[in-house]
Amino acid sequence: ILAQGTHLARPGSVNREFPRTPTAMSEFAAKCVLIVADDEMANRMVATGNFGLVGLDEDDEEKMIEAEDGDEALEALDNAQDSEDPIIMLLDLHMPPGKGGDGAAIAVQEKWDEYKRKPFLVCCSAEVLEDLKAKPWADNFHYFAKKPLMQDVAQEIHDECQKWFEAGKPAKWKYE
């Protein structure tokens with residue numbers, strides 16, 4: 001029997017404890033809008049569930065948005081521009097037959113200056129992440145995450161995104 005706030009560790013990983021009580025959740029997480037683009041419903045469910053455990057409101061359809069491809073994710077980003085909240089976009093690399101995450105990230109970069117709310121872009125893939133970081137389009141992403149997106153990875157993405165926003169990075173495209 002696991003105590004509240006623990007999860008089963010994957011082989012070779014560190015077993016960490018994560019807060020599950022609302023008082024322990026990050027105020028930043030409670031404000032975030034999450035756009036999850038993946039052609040596989042199971043991957044979207046795992047991602048939204050684990051971000052819910054990190055503190056995002058998985059029951060709020062305006063804060064937790066699912067898309068089946070890059071085009072739907074871009075539409076969701078356009079629709080989220082009226083919000084004052086930070087936006088995290090999880091983009092699956094391959095989403096046939098629609099636009100993949102790499103194409104969506106390029107489209108975001110092309111319209112970067114037009115966006116009032118700049119998204120923190122995460123490339124999600126089952127491929128070797130170090131290989132992906134060497135691709136010509138890799139600079140279009142702020143973070144790379146292995147699928148399925150487990151709770152410890154959701155926490156890492158949350159933490160990196162929070163640092164990015166607090167450092168004022170949304171005004172710029174790339175890290176300095």
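Is Gln 162 buried, partly exposed or exposed, and why?

1. **Ground rules.** This model is predicted, so local features need pLDDT of at least 70 and side-chain atom pairs count only at pLDDT 80 or more, while totals for chains, interfaces and linings use all residues. Residues are numbered from 1 along each chain as its sequence is written, and side-chain values use heavy atoms, leaving out hydrogens and water.

2. **Overall layout.** You will find 6 helices and 5 strands in the protein chain. Helices (H or I, at least four residues) and strands (E, at least two) are DSSP runs, numbered from the N terminus. Starting at that end, the order is α-β-α-β-α-β-α-β-α-β-α. Of the 176 residues, 51% count as buried, where buried means under 20% relative accessible area, exposed means over 50%, and partly exposed lies in between (1.4 Å probe, protein chains only).

3. **The sheet.** Its 5 strands form an open sheet in the order β2-β1-β3-β4-β5, with parallel pairing; two strands pair if DSSP finds at least two bridges between them. At the edges are β2 (64–67) and β5 (143–146), each pairing on one side only. From one strand to the next, the twist averages 20°. Look also at β1 and β3 (residues 87–92), a parallel pair with 5 bridges; Leu 34 has Ile 88 in β3 as its bridge partner. Helix α2 lies across β1, β2 and β3, and runs at about 165° to β2 (axes are lines fitted to C-alpha atoms, for helices over the stretch in contact, and angles run from 0 to 180 degrees between N-to-C directions).

4. **Asp 38.** This residue sits in the loop between β1 (33–37) and α2 (41–54). Asp 38 counts as buried because its relative accessibility is 4%. Its side chain makes a polar contact of 3.1 Å with that of Lys 147; such a contact is a pair of N or O atoms within 3.5 Å, and within protein one must be able to donate a hydrogen and the other to accept it, with residues adjacent in sequence counting only if both atoms are side-chain atoms. Not counting residues up to four places away in sequence, Asp 38 touches several others, including Asn 43, Glu 68 and Asp 92 (contact means heavy atoms within 4.5 Å).

5. **The core.** The largest nonpolar core has 53 residues, and Phe 51, Leu 90, Leu 149 and Ile 157 have the most contacts inside it. Helix α6 (residues 151–166) gives the most to this core, with 6 residues. A nonpolar core is a set of buried Ala, Val, Leu, Ile, Met, Phe, Trp, Tyr and Cys residues joined through side-chain atoms within 4.5 Å. Beyond its neighbours within four places in sequence, Ile 157 is in contact with residues including Phe 51, Ile 88, Leu 90 and Leu 149.

6. **Gln 162 and its helix.** Gln 162 belongs to α6, and it counts as partly exposed because its relative accessibility is 21%. Leaving out residues up to four places away in sequence, Gln 162 touches Ser 26 and Phe 28. Pro 86 is 76 residues away in sequence, yet 8.7 Å away in space, C-alpha to C-alpha. Among the buried residues of α6 are Ile 157, Cys 161 and Trp 164. Just after α6, Gly 168 takes a positive phi of about 75°.
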